[in-house]
Amino acid sequence: MTVVASNLQKRNYPMKILKKYIIVIAIALPALILITIKTFNAAGFKYDAKRWSIPSFNGSNLVSISDTGKLQGDKLLVILDKETEGEFMTSAHIVMIPPGAILEKQHLRLMREHKGPILLFSADPGLSARVWMIISQTGITNIYIMTSHIDNEIFKSRFRPDTVTGPEFTN
Amino acid sequence: MNPYLAGTMLGIVLLLAMFLSGRGLGASGGIKYCVVSLVGAVDRSHAEKSIYYGKYFENGKEPLNNWLTYEILGVVTGGFISGALSGRLKFRIEKSPSISNTRRLIFAFLGGVCFVYGAQLARGCTSGAALSGMAVLSVAGFVTMIAIFGSAYGFAYFFRKNWI
Amino acid sequence: MNPREKLSAILISLGLILALLPLSSNRSFNARPEKVLEEILDPEITVTADQTARLVASGDNSFQLIDLRSREEFRAFNIPGSVNIPYNEFLDTDPHQILKNGKSINILYSNGDIYSNYAVTIARGLRYNNTFAMKGGLNEWFNTVMNSAFSGERISARENALYEARFRARKLFTEINSLPDSLKQKFIESKRLAAKKLDGGCE
Amino acid sequence: MGPISSLITMPGWLEMLIALLIGTGFGFALEQAGFSSSRKLVGMFYGYDTTVLKVFFTAAIVALVGSQFLSYFGLLNLSQVYVNEYYAGASIIGGIIMGAGFIMGGYCPGTGLSALSIGKIDAVVFALGGFTGAFLFGETYPLIQNFANGSYKGAEKIDEALGISTGLFIFLLIVAAAGMFWIGELAEKKFARPDITGEI
């Protein structure tokens, strides 16, 4: 009889511990699970928008077509629009991804697992910029915009002030 | 109530204030707004001329119509509800048996003067600066908290007769 | 376990989780990725220089132009009515203060296409859906609005309206940007977004 | 998302209703914690009752941890939450004056208000003193203006000032608080005054 009782007690021991810590587990475990989901969700946006957009602040994520050779490592060229296909004869690994499909799982996995620089190309630099930002915010780094308009953000005209305009003409 | 449970409740209220209104709790600020509007009611021209009260009356502002004044109105209501639920509603003076009522009330008055004066200087009292400040990790919150508790410990010896 | 141990255990375990996270008070994209992607691929995410010129010429103030160039560039000249927020500060000063201004639309521009399109994606990711980028930036603005001249023989009613809007926007642009520096400074200051101070504390 | 006040422009009455409800919760929590008793409050400084320490740190840490989690999930935008501005001299001197007021009066403004609501006459007098203090500050403001506005450091955050990560600072704060709770309970045993703490 006594043997059975002590066995029963022993078997219940883990349950006792669980009961003791139930409130701690009930609060900390869901928090941990939610955080894990949020942190490792491949298709979701990552925490802190600023951190992921830093390369765009000083233009270090822009490369001209002729400079792509200077980037170290195995290159993955992602072509966003059809009409430019076949324009490049680089040694890079080339994939065509229509921009609407860029967030599909297999494409994100391809970019995430690629070692080395990823080059985005589109004839429209604005489209490249938008796609760059959305991909970067999912936490993929080492991604560049390859562009034939590296001077896109340089002002090309000249503004001539109107010398006859004085304070008396405006109010 | 268990202090840890009460503390958690207070923390959730503070979190709600941050989530709903983007700000922390406060108490001395509410007292200040009441005084400001009182001064304005008694002597409007003095209030408007003063560099301190003036800013509360700019552009026809009404100092009583303020988040903090409604909040301290709520504090009184909430305290009353809690006291009623726990059967603690009773007119009395709380003090050490070894001191007289007058002495207790004089010190309570002086304490109130000092506390709110200091709170105006530090821009917040234990709730507005220390508690809410710590919850948003502001340096001001931690410094004020350390100054309040440090100084109270320092003065505790001189006033021990009042309490124990 | 007594209450103290329970509370300490809960808080310490939550604290451990927090200690492992890279926390900051910066904002994170909070719209659904698929939705942001759909929005940024919609051609209507950009507005043309002509559309902007028409808005500027109309004197309508239901829109806000936001200039993403540097402060020096902004001081030299800018589209009348714009406010300046250099792109690399766009996320520093919370975009909320810039984008939630009660205007029906916000138009972002820079010299070209790159910065304005980064910024418009950020705005959409933060769910400011009334934000657009000006296609081609100031380069395009100068090509179409500032330097255009009618070269045909007969002008249709539609072309006439277009050229009139361009002409008026150009006139306004030139007049304001030709003011002496001191006056321009005043004008810019009057236009500057008054950074809203947060209300709080015991003040 | 969040704070709600930054998302939508609330009508004035709604904002004030929220303030009233938050205040009610605040007062309720303070009274439930036993903060309507001055002898319990000052027990903190004589070691026989450390409720102040427990409630104060628990509340600050719960709000801090909660807000950081909400921010991580994009539910609360912490840059839209007010951060107290730091005037070094004024904070320290103000804090010292407040500490003296605390040990004399036995309340702080928030607890004083919750105590007067349940009929503590000393708390009513404390609040009257508080009104006088605010009035005195308004009248003496021209004299101390320079000091009050001096050594302005802005809305500085402590993790940035110390140069450590936010999460690590919070963790250390929690560990320190847990340690203080433990010491506090030891002190309560050592300096026990059941005649005082047993009252409520």
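Analyst: Happy to, starting with a cut-off: a charge sits over a ring if CZ of Arg is within 6 Å of the ring centre and within 35 degrees of the ring normal. In this predicted model, R124(C) lies over the face of F132(C), at 5.1 Å from the ring centre.

User: What makes R160(B) another example, and which ring does its charged end sit over?

Analyst: The ring is that of Y157(B), with the charged end of R160(B) 4.2 Å from its centre. The distance limit is within 6 Å, so 4.2 Å meets it.

User: How do you know whether F45(A) is buried or exposed?

Analyst: Buried means under 20% relative accessible area. F45(A) has 5% relative accessibility, so it counts as buried. F29(C), at 4%, counts as buried too.

User: What makes Y52(B) and F137(D) an aromatic pair?

Analyst: Ring centres must lie within 6.5 Å. Those of Y52(B) and F137(D) are 5.4 Å apart, so the rings pair. Their planes are at 75°, making this pair edge-to-face. Y52(B) lies in a loop of chain B, and F137(D) in helix α7 of chain D. Y52(B) counts as buried because its relative accessibility is 4%, and F137(D) because its value is 2%.

Definitions and conventions:
Residues numbered from 1 in each chain as written. Chains lettered and ligands numbered in written order. Predicted model: local features only at pLDDT ≥ 70, side-chain atom pairs only at ≥ 80, totals over all residues. Heavy atoms only, no water. Buried < 20%, exposed > 50% of the residue type's maximum accessible area, 1.4 Å probe, protein only. Phe/Tyr/Trp six-rings, centres within 6.5 Å; stacked < 30°, edge-to-face > 60°. Helix = DSSP H or I, 4+ residues; strand = E, 2+ residues; numbered from the N terminus.
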